[in-house]
Amino acid sequence: MTPAPFTLTFDGRRITALPGQSVAAALWAAGILAWRTTRHGGAPRGAFCGIGACYDCLATVNGRPNQRACLLPARPGDTVTTQEGTGHDR
Ligand code: FES
């Protein structure tokens with residue numbers, strides 16, 4: 001049986017995900033490669049290692065900053081937003 005897709009949002013944009021996908025995988029599948037900026041210089045970052053070691057993939061998920069998108073399972077209705085710097089700068 002094919003798992004039923006569900007939706008989450010990224011910066012207000014609706015994204016389709018499948019059960020078992022990480023937040024990073026769902027963003028990648030939607031063509032989104034960057035979802036945070038660095039503390040110094042504001043350079044774009046997304047997933048790099050994909051295994052929870054590099055912390056490049058930090059995102060704000062459901063209002064909680066610094067979530068490793070490569071490890072976090074996507075859930076229906078998740079609200080993912082671009083994280084700027086430490087995620088506490090807004
Ligand atoms: S991509 Fe390296 S910790 Fe998530």
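The accessible surface of this chain comes to about 5,300 Å², by the Shrake-Rupley method with a 1.4 Å probe. Carbon and sulfur atoms account for 55% of that surface. The model is predicted, so to speak of local features pLDDT must be at least 70, side-chain atom pairs count only at pLDDT 80 or more, and totals for chains, interfaces and linings use all residues. Residues are numbered from 1 along each chain as its sequence is written, and side-chain values use heavy atoms, with hydrogens and water left out.

Now the fold. From the N terminus the order is β-β-α-β-β-β-β-β-β. The radius of gyration is 12 Å, close to the 12 Å from the globule rule for 90 residues, so the chain is as compact as a globular protein of that length. That radius is taken over C-alpha atoms, and the rule is 2.2 Å times the number of residues to the power 0.38. Along its principal axes, the C-alpha trace spans about 45 × 25 × 20 Å.

Next, burial. Of the 90 residues, 39% count as buried, meaning under 20% relative accessible area, with exposed over 50% and partly exposed in between (1.4 Å probe, protein chains only).

Last, the cysteines. Cys57 is buried because its relative accessibility is 2%, whereas Cys49, at 29%, is partly exposed.

Note on methods
Helix = DSSP H or I, 4+ residues; strand = E, 2+ residues; numbered from the N terminus.
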